[in-house]
Amino acid sequence: MRTYRISGVAGSLRKESLNRMALRIASRVAPSELQLSVFSGLGALPLFNPDFEGSPSAAVTEFKQTLDHADALIIASPEYAHGISGVLKNALDWLVSHEGFVNKPVAVFNTAPRSHHAIDALNEVLKTMSANVVKPACCTVPMLGSTLEENQMSSSEVIGLPLREALEALAEALRELRDRKSSG
Ligand SMILES: Cc1cc2nc3c(=O)[nH]c(=O)nc-3n(C[C@H](O)[C@H](O)[C@H](O)COP(=O)(O)O)c2cc1C
């Protein structure tokens, strides 16, 4: 069985971040063909400055290499004041001119059904950056306000199950992409 490397990033630096928790749960419930690892270096990225794109810092280089080695990216985004977090937007700005991001399969996870503004904005940013947003792999789960512990969320029908289904859809999209590449 072919396996796929998936990189997850959370747009929150908070220690108890629900978005990072969603990625941890995803790694637990993912089908075995997906190897999900969470990239935790967004907080180390300098503020984006196009002047430094030609001589990026080690943190930026590591971020780009992580992305290049991944078959797909999962972004778990919080909503701050009806927008995406500065941390996430800063990270994406470093990728705007990065060739490796064009057509990169991306799934978006949202941990709060009420937080649609940020997800709408994020989808617009990703479209503008020519990412391949895999819609069936995008998922909104009611984690914000939930009284469940993390391991209970993993087995929950409204959290773990939809995350698992989203990941199965991502695996299917990656299989189709691979088949298309090998036949074309
Ligand atoms: C400064 C700030 C602004 C926020 N603004 C919104 C908002 O506009 N809409 C919303 O649904 N939630 C808002 N929230 C709630 C966060 O989206 C929520 O707490 C989320 O879980 C944060 O992500 P994290 O748990 O990964 O850190 C805000 C939280 C903070 C700290």
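Visitor: How many cavities of 30 Å³ or more does the count come to?

Guide: Rolling a probe the size of a water molecule over the atoms shows where empty space is left. By this rule there is one cavity of 30 Å³ or more. A cavity is a set of points, on a 1 Å grid over the protein atoms alone, where a 1.4 Å probe fits but cannot get out. Its volume is the space filled by probe spheres set on the points, which are joined across faces, edges and corners. This is a predicted model, where local features need pLDDT of at least 70, side-chain atom pairs count only at pLDDT 80 or more, and totals for chains, interfaces and linings use all residues. Residues are numbered from 1 along each chain as its sequence is written, and side-chain values use heavy atoms, leaving out hydrogens and water.

Visitor: Which residues line the largest cavity?

Guide: Lining residues have an atom within 4 Å of a point. Here they are Val9, Phe63, Leu73, Ile75, Leu88, Ala91, Leu92 and Leu95. Helix H3 gives the largest share, four residues.

Visitor: How many aromatic pairs does the structure hold?

Guide: A pair of aromatic rings is described by the distance of the centres and the angle of the planes. Rings of Phe, Tyr and Trp (its six-membered ring) pair if their centres lie within 6.5 Å; planes under 30 degrees apart count as stacked, over 60 as edge-to-face and the rest as tilted. The structure holds two such pairs. In one of them, Phe48 and Trp94 have ring centres 4.9 Å apart and planes at 90°, so this pair is edge-to-face.

How values were computed: 1 Å grid on protein atoms, 1.4 Å probe; cavity = no way out; pocket = protein on both sides within 12 Å on 5 of 7 lines; lining within 4 Å. Helix = DSSP H or I, 4+ residues; strand = E, 2+ residues; numbered from the N terminus.
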